[in-house]
Amino acid sequence: QVNLVESGGGVVQAGGSLRLSCAASGSIFSINAMGWYRQAPGKQRELVARITSGGNTNVADSVNGRFTISRDNAKTTVYLQMNSLKPEDTAVYYCKTEGVATIGSSNDYWGQGTQVSVSS
């Protein structure tokens, strides 16, 4: 069993900052990649940022230069530092872990989502 616990969402004024965290726990041997996705009302879920086990990152053009993805040394916690937030960043943010290797299996997992609301 793998659990993902997200934290750090909230309400902030435009121009403000928030830091999201997502911690994976369980009998985990390795994780191929961890990332953040978001879904605004009436829109499809979209990739925000992703980091691989090798440290390669990709960040959506819409947040590039404002958001930074990072992880801890154990590679089981991923962070999303969000600066210069805009109202259009308002969405539910979901953590995703890819290729989570446990005893006898490898699967992807989603977090429960955390709301980020940016007021103008």
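Buried means under 20% relative accessible area, exposed means over 50%, and partly exposed lies in between, with a 1.4 Å probe and protein chains only. The model is predicted: local features need pLDDT of at least 70, side-chain atom pairs count only at pLDDT 80 or more, and totals for chains, interfaces and linings use all residues. Residues are numbered from 1 along each chain as its sequence is written, and side-chain values use heavy atoms, with hydrogens and water left out.

**Exercise 1. Determine which residues R38 pairs with in salt bridges, and whether R38 is buried or exposed.**

Solution.
Step 1. A salt bridge is a side-chain nitrogen of Lys or Arg within 4 Å of a carboxyl oxygen of Asp or Glu. The structure holds four of them.
Step 2. R38 forms one with E46, the closest N and O atoms being 2.7 Å apart, and another with D89, where the closest N and O atoms are 3.0 Å apart.
Step 3. R38 lies in strand β4 and D89 in the loop between β8 and β9, so this pair ties together parts that are 51 residues apart in sequence. Strands (E, at least two residues) and helices (H or I, at least four residues) are DSSP runs, numbered from the N terminus.
Step 4. R38 is buried, with a relative accessible area of 6%. D89 is buried as well, at 1%, whereas E46 is partly exposed, at 36%.
Step 5. R38, E46 and D89 belong with R66 to a network of salt bridges.

**Exercise 2. State which strands the salt bridge of R50 and E98 ties together.**

Solution.
Step 1. The side chains of R50 and E98 meet at 2.9 Å, N to O.
Step 2. R50 lies in strand β5 and E98 in strand β9, so the pair ties together parts that are 48 residues apart in sequence.
Step 3. R50 counts as partly exposed, at 23% relative accessibility, while E98 is buried, with a relative accessible area of 14%.

**Exercise 3. Identify the residues that touch the most other members of the largest nonpolar core, and list the contacts of L80.**

Solution.
Step 1. A nonpolar core is a set of buried Ala, Val, Leu, Ile, Met, Phe, Trp, Tyr and Cys residues joined through side-chain atoms within 4.5 Å.
Step 2. The largest such core has 29 residues, of which W36, V48, F67, V78, L80, M82 and Y93 touch the most other members.
Step 3. At least two residues of this core come from each of β1 (2-7), β3 (18-26), β4, β5, β7, β8, β9 and β11 (114-119).
Step 4. Contact means heavy atoms within 4.5 Å. Not counting residues up to four places away in sequence, L80 touches L18, R19, L20, W36, V48, A49, F67, T68, I69 and Y93.

**Exercise 4. Describe the largest cavity by its volume and lining.**

Solution.
Step 1. Rolling a probe the size of a water molecule over the atoms shows where empty space is left. On a 1 Å grid over the protein atoms alone, a cavity is a set of points where a 1.4 Å probe fits but cannot get out, and lining residues have an atom within 4 Å of a point. Grid points are joined across faces, edges and corners, and a volume is the space filled by probe spheres set on the points.
Step 2. The structure holds one cavity of 30 Å³ or more. The largest cavity has a volume of about 40 Å³.
Step 3. Its lining consists of I31, N32, A33, M34, I51, T52, S53, R71 and K75.
Step 4. The largest share of this lining, four residues, comes from β4, and both β4 (30-39) and β5 (46-52) supply at least two residues each.
Step 5. The lining divides into four nonpolar, three polar and two charged residues. Here Ala, Val, Leu, Ile, Met, Phe, Trp, Tyr, Cys and Pro count as nonpolar, Asp, Glu, Lys and Arg as charged, and the others, Gly among them, as polar.

**Exercise 5. Locate K75 and S84, and report the phi of each.**

Solution.
Step 1. K75 is in the loop between β7 (67-71) and β8 (77-82). Although K75 is not a glycine, its phi is positive, about 60°.
Step 2. S84 is in the loop between β8 and β9 (91-102). S84 also is not a glycine, and has a positive phi of about 50°.
Step 3. K75 is partly exposed, with a relative accessible area of 38%; S84 is partly exposed, with 41%.

Notes
1 Å grid on protein atoms, 1.4 Å probe; cavity = no way out; pocket = protein on both sides within 12 Å on 5 of 7 lines; lining within 4 Å.
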